[in-house]
Amino acid sequence: MKRTLLSLLGAAGMAGSAHSAVITPQTIDYGEVSGIPTTTVDNLGVQHLLWSKVTEVMYSNSADNFNNLLPFGYVHGTRDFSNLAMTFDNNGNVHVAYNVYSISKEKWETHYTNSTDWNARFLEMGNSTENVDVKALSDGRVVVVGQRPTGSQGMNLVLATSVPSPEGWWYPPANYDTFDYRELNQSADQSNPRMVIDSKDNIHLAYRDWSDGNGKVKYRSSLDDFASEETISSAPQSYGHDMALDSNGNVWVSYKDTRNIIDGSDSSQSADIFLAD
């Protein structure tokens with residue numbers, strides 16, 4: 001099997017230079033890395049890193065200079081991980097959602113785990129390699145957004161929210177084994193969700209919708225219980241989106257669209273990048 005190398009790039013400043021970033025690669029793993037790594041930094045400045053191999057996901061962080069490589073996600077009869085998503089709760093626990101292929105079921109599944117035990121939980125969504133996302137609420141619960149197939153080729157967005165633990169000192173502070181599910185819109189035209197949660201626990205979603213026959217990036221939120229839908233771009237097609245919150249709680253969405261495509265051009269190669277709030 002072809003051996004691949006996972007490296008992490010860090011920037012070191014140089015005083016008195018207008019171009020001060022010096023990129024210093026650090027080798028993390030020499031194994032058969034098969035997927036795109038994802039990384040994020042927590043509020044203490046610790047960098048957390050995920051990457052996938054054929055039959056497991058690997059986790060490491062900068063607290064020990066990435067010396068400890070933790071495997072997780074292995075489930076008998078599964079292989080090939082995709083779309084790793086990671087977040088943190090207020091207690092510093094790491095939460096991860098991802099897609100993995102079930103050989104026996106011959107379909108993709110969405111799984112969830114966290115750093116309290118790193119055990120994989122099957123979620124009632126998936127059967128695609130489209131985006132999944134995970135974020136934490138202020139009370140410690142987590143929300144996973146993905147898609148659920150309907151009909152022959154359609155998909156609907158699905159929110160999975162962990163159920164609070166019953167009251168009592170003998171229960172853990174959060175229950176990550178049971179989830180409530182909500183399927184949004186149910187028109188079989190949505191996929192590839194991205195999610196942010198603001199300081200008031202409002203959920204904001206950006207996703208791709210092709211109900212008019214052309215894929216477009218659209219937006220919904222829990223501010224009105226996901227009732228209204230806003231089209232972010234009026235171009236014939238928009239895609240490749242991501243979203244984030246700024247320090248004032250404003251939602252920002254980046255995306256590509258085809259408004260400036262010349263007739264006959266390949267939209268996947270020629271689209272422009274935009275930023276909306």
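This is a predicted model: local features need pLDDT of at least 70, side-chain atom pairs count only at pLDDT 80 or more; totals for chains, interfaces and linings use all residues.

Biologist: Why is T78 called buried?

Modeller: The relative accessible area of T78 is 7%. Buried means under 20%, so T78 with its 7% gets that label. Its place is in strand 7, which covers residues 78-88.

Biologist: How do you know that the side chain of T78 has a polar contact with the backbone oxygen of V75?

Modeller: That backbone oxygen lies 2.6 Å from a polar atom of the T78 side chain. The cut-off is within 3.5 Å, so the pair at 2.6 Å counts as a polar contact.

Biologist: And which residues does T78 touch, leaving out those up to four places away in sequence?

Modeller: T55, V100, Y101 and S102.

Biologist: Back to accessible area: what makes N65 partly exposed?

Modeller: The value for N65 is 46%. Partly exposed lies in between the 20% limit for buried and the 50% limit for exposed, so 46% puts N65 in that class. N65 is in the loop between strand 5 and strand 6.

Biologist: Why is strand 5 called mostly covered?

Modeller: Strand 5 runs over residues 57-61, and five of its five residues are buried. Buried means under 20% relative accessible area, so each of those five falls below that limit.

Biologist: Which residues of strand 5 point one way and which the other way?

Modeller: V57, Y59 and N61 point one way, while M58 and S60 point the other way. In a regular strand, side chains alternate between the two faces of the sheet.

Biologist: How do you know that strand 5 pairs with strand 4 and with strand 6?

Modeller: Pairing takes at least two bridges. Five bridges join strand 4 (residues 47-52) to strand 5, and three link strand 5 with strand 6 (residues 70-72), so both cases meet the cut-off. Strands 4 and 5 run antiparallel, and strands 5 and 6 pair in the antiparallel sense. V57 stands opposite F72 in strand 6, and S52 stands opposite V57 in strand 5. Strand 4 and strand 5 form a hairpin with four residues between them.

Biologist: What makes strand 15 and strand 16 a pair?

Modeller: Six bridges join strand 15 to strand 16 (residues 203-209). At least two are needed, so they pair, and they run antiparallel. S191 stands opposite R208 in strand 16. Their hairpin has five residues between the strands, and D201 takes a positive phi near 65° there. Seven of the eight residues of strand 15 are buried.

Biologist: Now the largest pocket: what is its volume, and which residues are closest to its centre?

Modeller: The volume is about 1,100 Å³. Of the 40 residues lining this pocket, T40, M86, T87, D133 and K135 are the closest to its centre.

Biologist: Which strand supplies the largest share of that lining?

Modeller: Strand 7, with eight residues. By class, the lining has 17 nonpolar, 15 polar and eight charged residues.

Notes. Residues are numbered from 1 along each chain as its sequence is written. Side-chain values use heavy atoms; hydrogens and water are left out. Helices (H or I, at least four residues) and strands (E, at least two) are DSSP runs, numbered from the N terminus. Buried means under 20% relative accessible area, exposed over 50%, partly exposed in between (1.4 Å probe, protein chains only). A polar contact is a pair of N or O atoms within 3.5 Å; within protein, one must be able to donate a hydrogen and the other to accept it, and residues adjacent in sequence count only if both atoms are side-chain atoms. Contact means heavy atoms within 4.5 Å. On a 1 Å grid over the protein atoms alone, a cavity is a set of points where a 1.4 Å probe fits but cannot get out, and a pocket is an open set with protein on both sides within 12 Å along at least five of seven lines; lining residues have an atom within 4 Å of a point. Grid points are joined across faces, edges and corners, and a volume is the space filled by probe spheres set on the points. Ala, Val, Leu, Ile, Met, Phe, Trp, Tyr, Cys and Pro count as nonpolar, Asp, Glu, Lys and Arg as charged, and the others, Gly among them, as polar.
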